[in-house]
Amino acid sequence: MSQVPQISDAEWEVMKVLWSSSPRTANEVVEALEAHTDWNPKTIRTLLSRLVQKQAISYSQEGKVYAYFPVVSEDECVKSETASFLKRIYGGAFKPLLVNFLKEEKLSPEDIKELKVILDDKSKE
């Protein structure tokens, strides 16, 4: 798929369920989401329908049972959302995001060490 669809926060929850294990029936998705949301089954089925329309998921049908599975990877969606966020909030520039993050977050010595290794590796490219 050339273009990753825009996925709402609620749709992300459905996608996480499908990324963790697929294919899943609508009832299995409902069960997984009812454990940590207060959504009713009709809401979850609506989200599944929207994701099918957006071509983020697809389904196979056996009789009256539909089994849903993702057609875009979690990695593709994360990259697309990251790029969209950077463009909207930071005008596409990564440095201001990183500087803001580093100033605001409490980092452990291990986190700092790992970031230094990543930056050192990046500077060698």
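Let me begin at a salt bridge. Lysine 79 is exposed, with a relative accessibility of 54%. Its partner is aspartate 75, and the closest N and O atoms of the two are 3.2 Å apart. Aspartate 75 is partly exposed, at a relative accessible area of 46%. Both residues sit in helix α4, and because they are four residues apart, about one helical turn separates them. There is a general point behind that: an α-helix has 3.6 residues a turn, so residues three or four places apart point the same way.

Before going further, please keep in mind that this is a predicted model.

Now the overall layout. The chain is divided into domain 1, residues 9-70, and domain 2, residues 74-124. Taken over C-alpha atoms, the centres of domain 1 and domain 2 are separated by 31 Å.

Helix α1 covers residues 9-20, which makes 12 residues. From its first C-alpha to its last, α1 reaches 17 Å, close to the 16 Å expected at 1.5 Å a residue. What is buried in this helix? The buried residues of α1 are Glu11, Trp12, Val14, Met15, Val17, Leu18 and Trp19. They pack against several elements, namely β1, α2, α3, β2, β3 and α4.

Two of those residues come up again in the largest nonpolar core, which has 21 residues. Val14, Met15, Val29 and Leu48 touch the most other members of this core. Helices α1, α2 and α3 each supply at least two residues of the core. The largest share, six residues, comes from α1. As for methionine 15, leaving aside neighbours within four places in sequence, it is in contact with Ile7, Leu51, Ala56, Ile57, Pro70 and Val72.

Is glutamate 11 buried or exposed? At 1% relative accessibility, glutamate 11 counts as buried, because the cut-off for buried is under 20%. The side chains of glutamate 11 and lysine 54 meet in a salt bridge, 2.7 Å from N to O. This pair links distant parts of the chain: glutamate 11 is in helix α1, lysine 54 is in the loop between α3 and β2, and they are 43 residues apart. Lysine 54, at 32% relative accessibility, is partly exposed. Not counting residues up to four places away in sequence, glutamate 11 touches Gln6, Leu47, Arg50, Leu51 and Lys54.

Glutamate 13 is partly exposed at 22% relative accessibility, and lysine 16 is partly exposed at 43%. In total, the count comes to four salt bridges.

On to the strands. Strand β2, residues 57-62, and strand β3 pair in the antiparallel sense over six bridges. The two form a hairpin with two residues between them, and glycine 63 in the turn has a positive phi of about 65 degrees. Strand β1, residues 24-25, also pairs with β3, residues 65-70, in the antiparallel sense, over two bridges. Which residue of β3 stands opposite threonine 25? That is alanine 67. Alanine 67 is also the bridge partner of serine 60.

Finally, two backbone details. As background, most residues other than glycine have a negative phi, and most peptide bonds are trans. Glutamine 55 has a positive phi of about 65 degrees although it is not a glycine. This residue lies in the loop between α3 and β2, and glutamine 55 is partly exposed, with a relative accessible area of 49%. The other detail is a cis peptide bond joining serine 22 and proline 23, with omega at about -5 degrees. Proline 23 is found in the loop between α1 and β1.

Methods: Residues numbered from 1 in each chain as written. Predicted model: local features only at pLDDT ≥ 70, side-chain atom pairs only at ≥ 80, totals over all residues. Heavy atoms only, no water. Domains from an automatic or database assignment. Pairing = 2+ DSSP bridges. Expected span 1.5 Å × (residues − 1). Buried < 20%, exposed > 50% of the residue type's maximum accessible area, 1.4 Å probe, protein only. Contact = heavy atoms within 4.5 Å. Core = buried A, V, L, I, M, F, W, Y, C linked by side-chain atoms within 4.5 Å.
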